[in-house]
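Dear colleague,

Please find below the structure that I am handing over to you. My notes on what was found in it follow directly after.

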Amino acid sequence: MTMTAPAPTPARPRLRQVRAPRARLAGIALRTPYWVLTGALAIVFIFPLVWAGVASVAPQPGSSQVDGWGFGNYVTLMEYQAGLPRYLLNSTLVSGLTVLFTLTASVLGGYAFSRFRFPGRDVLFLLTLAILMVPYATLLIPLYVMLNAVGLQNTLVGLSLVLTVFQLPFATFMMRISFDAVPRELDEAALVDGCSSFRALRTVLLPAVKPGVITVGLFAFLAAWNDFVAPLILISDSDKIPLPLAVANLRAQVMGIVDYGATEAGVVVMALPCVVLFLLLQRHYVRGFMSGALKG
Amino acid sequence: MPANLSVRPPVRPAGRTRPALAAAARRRALRGWGYAAPTALLVIGLFVLPVLLVGQMSVSDWPLLSGNQGINAPQNYVDAVGHRYFWDSVVFTVKYTVIATVLLIGLGLGFALLVQESSRWTAVLRTSILVPSALGLASASLLFYALYSPQVGPLSPLLRSLGLADGPVTFLGTPDSALWSTVFLVVWRFAGFYMLLLMVGLQGIPHEVLEAARMDGANRWQTFVSVTLPLLRPSLALCTVLCVTGSLLAFDQFYILTKGGPDNSTLTVVQLIYNVAFQGQNDLGVAAALSIVVLVVLVVVNVAQLRAMRTGQED
């Protein structure tokens, strides 16, 4: 966890100057409860993750790892029904497609909303944001019927399209304000130089909105990788389900007896890529948020 | 906002005639539509049409397996509101929403204030609080399902060794403990997210204002109550809207941790919709009617919240 130093934001050092004399006045006596409190907080937030990792390889009665430490639970997971590799592949495909669809729609859409005036623009933008207002379950019931009607039921592409729609409000809003934050002179100069609008987008604007793209992509990936309800309703084939559903099913494998060891192993497999990705991209993620919210 | 839908010509160098300008504007508008097309297709195909369809389903007799069997209005709505667990689930969902919103925003704000100074330690602390929000709600729920289990969970022995409990602690066994255990999971998972949103809000407060308050002799607490909080109002309002909406629609955490139990005491409205549609009853018509009720309530609640925030700002 050494790569966690966040990008310093402009406002923070100034805030610190204001507080510094006070903090010194407060003195060391006040600092001790602070350390205890914040230390305990950090432990409360980190402990469950560490515990899951440790417990998944620790000996445990009723799991596949009864004596000594080892990867018995992961072996169980590998062999559960269609097998872990299959579920990982399903999850990867769904997440990859969702990121692809979300980025395509939101980058082009954000560009359109930010740089073009066309009839229906504001209506379309508001409709996109309105997706936030409609409950997941409200949409999934008709989507279940509609995907059946067009033959996309029980397919990972259908699932990805549905997940993309739920990403659109945030993604489109984020990309629009990212483009808004780029000075218009930049792409107008490119257009005057004879660039097509698409080329201006690709070569001039895209590098400028990179933090927004990373934030949107990361969000779409995390949401798709972790989604539980949409596949629960839309996917009925047990070899097509993504990982979270498979682990949840595995938990109830034998009536009444829960294989906690394999469940913990499943949680680790699901959580690991998310945590790693988050730690690697934390700076971009936080900065994307900051730039966005300050403008909004 | 739809007032300025008319196509306005972009500013162009002088020397062009009006028709040429209009043609250029039309071309630009067309290009704009081209770029917006993927969004439009997705929004219309997978949002507008489903919303219309759910409206139709809510007034139709629509079993899960046999499809549309004709009009059944308003019986679906009568059945939905008259469902055995309807009011229980509404009361529980509202109770959960109030608890979760108060705790998440209170703690989120507290954490944001705690980590806003920049130092190595606050960076570590901030990361620790944020890491759980990278997990999916389903993964987090499965993790806490094991954590809370009396067989393998470490919490029960820990509480016993601290002398806080005599027997094995059942975190999910009684209605109240199941609710609070789920609330704890949700706080663990989401506190970082609200902390981040509120940190952004805090950093948007111009430091001159805080400086001025300090010069006028306000202490830390006075500055917080009469300067920081009012200026933080838009961020707090955003957090409240997100948190209330999210909590009213709670599903994963209860589906995985409690399955609505014990004795359907932790059944949320969305779980009820799922059960009516896909578990046993298999009645998509009634489920759609329930969904429409939830949708209307949600829109009303959100509009009320946004309005309250706006009138608040005019003060």
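Among the contacts in chain A between residues at least 6 apart in sequence, 78% join residues at least 24 apart. Please bear in mind throughout that this is a predicted model.

**Chain A as a whole**

Chain A holds 12 helices and zero strands. Read from the N terminus on, its elements therefore run α-α-α-α-α-α-α-α-α-α-α-α. Of its 296 residues, 47% count as buried.

**Where the two chains meet**

Helix H3 (residues 84-115) of chain A packs against helix H1 (residues 18-58) of chain B at an angle of about 135°, and their axes are 8 Å apart. Because of that angle, H3(A) is oblique to H1(B). The crossing of H3(A) past H1(B) is left-handed. From H3(A), the residues A:Thr104, A:Ala105, A:Leu108, A:Gly109, A:Tyr111, A:Ala112 and A:Phe113 take part, and they meet B:Gly32, B:Tyr35, B:Ala36, B:Pro38, B:Thr39 and B:Leu42 in H1(B). By class, the residues of this contact are nine nonpolar, four polar and no charged.

On H3(A), the residues that make the contact include A:Ser91, A:Val94, A:Thr98, A:Thr102 and A:Val107. On H9(A), they include A:Val213, A:Gly217, A:Ala220, A:Phe221 and A:Trp225. The contact of H3(A) with H9(A) has 10 nonpolar, six polar and no charged residues.

**The nonpolar core**

The largest nonpolar core has 165 residues, and A:Ile141, B:Tyr194 and B:Ile273 are those with the most contacts inside it. Helix H7 (residues 175-203) of chain B gives the most to this core, namely 15 residues. Leaving aside residues up to four places away in sequence, B:Ile273 touches A:Ala137, B:Ala287, B:Leu290 and B:Ser291.

B:Ile273 is also one of the buried residues of H12(B). That helix, H12 (residues 269-278) of chain B, has nine of its 10 residues buried, so it is largely enclosed by the rest of the structure. Among the other buried residues of H12(B) are B:Val269, B:Gln271, B:Tyr274 and B:Asn275. After H12(B) comes B:Gly280, which has a positive phi, near 85°.

**One residue in chain B**

Finally, B:Leu109 lies in helix H3 (residues 86-115) of chain B. B:Leu109 counts as buried because 24 C-beta neighbours lie inside 10 Å, where the cut-off for a buried residue is 20 or more. Between the C-alpha atoms of B:Leu109 and B:Leu164 there are 29 Å, and the two residues are 55 apart along the chain.

With kind regards

Methods: Residues are numbered from 1 along each chain as its sequence is written. Chains are lettered from A and ligands numbered from 1 in the order in which they are written. This is a predicted model: local features need pLDDT of at least 70, side-chain atom pairs count only at pLDDT 80 or more; totals for chains, interfaces and linings use all residues. Axes are lines fitted to C-alpha atoms, for helices over the stretch in contact, and angles run from 0 to 180 degrees between N-to-C directions. Helices (H or I, at least four residues) and strands (E, at least two) are DSSP runs, numbered from the N terminus. Angles under 35 degrees count as roughly parallel, over 145 as roughly antiparallel, 65 to 115 as roughly perpendicular and the rest as oblique. A crossing is left-handed if the near helix is turned anticlockwise from the far one by less than a right angle, and right-handed if clockwise. Two residues are in contact if their C-beta atoms, placed from the backbone, lie within 7 Å. Ala, Val, Leu, Ile, Met, Phe, Trp, Tyr, Cys and Pro count as nonpolar, Asp, Glu, Lys and Arg as charged, and the others, Gly among them, as polar. A nonpolar core is a set of buried Ala, Val, Leu, Ile, Met, Phe, Trp, Tyr and Cys residues joined through C-beta atoms within 7 Å. A residue is buried if 20 or more other C-beta atoms lie within 10 Å of its own, exposed if 12 or fewer, and partly exposed in between; C-beta atoms are placed from the backbone.
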